[in-house]
Amino acid sequence: MSTTQTSNHFLIRRVHSLLGLVPIGFFLTFHLILNLTALGGAKLYDRIIQTMQSFPGIFIIELVVIFIPIAVHAIYGTYVVYTGQANVLRYNYARNWFYVIQRISGLYTVVFVVIHVYLLRFGEANFAALSQFLSQPVGLIFYVLGVLFAIFHFTNGLWAFAITWGLTVGPHSQKIWLYTLGVVFVLLSAIGLYDISAFLK
């Protein structure tokens, strides 16, 4: 690989990791917290969603801040999955399994986001519609896996992000960061599952 190709690859990986944090990671966290309003009942949730959808220029904002970054991150991520080589059979280390799960969770999250956006944008984006979808076993399993995989992909991606950007350069800092991300994963997962439970009442 030439110096130019190496530099381009390095830059692309940096942009890819950055898009995973900003704005996708922030949007995921915001979305999980926003959905806690469902605990206040259908009227409160529907009113907040309708207010957000009526915000001037919301489609442009979503396109630039959410959809395009997700598309770029997903396309390059798919390329990484296609070209990557897992070695869990030869080296049975935890990070090797995380590598595999990261790829699986990324692909699943893409499918989950596409279907979720389709349901909200081209279906009825309200409490009743989501409640009905989640009342079906397949729908519930699909959403639970989608939320957990998305959160895992985000938090595990933060591990790679810190290394890529030189924030955790030693074993000690990486260990502390790993424990921190474990806590973040548990907290966000609890919020995500609590969100889903609100639509099952």
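Predicted model: local features only at pLDDT ≥ 70, side-chain atom pairs only at ≥ 80, totals over all residues.
Tutor: Residues are numbered from 1 along each chain as its sequence is written. Local features need pLDDT of at least 70, side-chain atom pairs count only at pLDDT 80 or more, totals for chains, interfaces and linings use all residues, and side-chain values use heavy atoms, with hydrogens and water left out.

Student: Why is the pair of Tyr-108 and Phe-142 called tilted?

Tutor: Rings of Phe, Tyr and Trp (its six-membered ring) pair if their centres lie within 6.5 Å; planes under 30 degrees apart are stacked, over 60 edge-to-face, the rest tilted. Here the centres are 5.9 Å apart and the planes 45 degrees, so the pair is tilted.

Student: What does this pair tie together?

Tutor: Tyr-108 lies in helix 5 and Phe-142 in helix 7 (residues 137-164), so the pair ties parts 34 residues apart in sequence.

Student: What makes the pair of Phe-142 and Tyr-143 edge-to-face?

Tutor: Its planes stand 75 degrees apart, with 5.9 Å centre to centre.

Student: Why is Phe-142 called buried?

Tutor: Buried means under 20% relative accessible area, exposed over 50%, partly exposed in between (1.4 Å probe, protein chains only). Phe-142 has 15%, so it counts as buried. Tyr-143, at 6%, is buried too. Tyr-108, at 22%, is partly exposed.

Student: How do you know that Arg-103 lies over the face of Tyr-99?

Tutor: The rule wants NZ of Lys or CZ of Arg within 6 Å of the ring centre and within 35 degrees of the ring normal. Arg-103 lies over the face of Tyr-99, at 4.0 Å from the ring centre.

Methods. Helix = DSSP H or I, 4+ residues; strand = E, 2+ residues; numbered from the N terminus.
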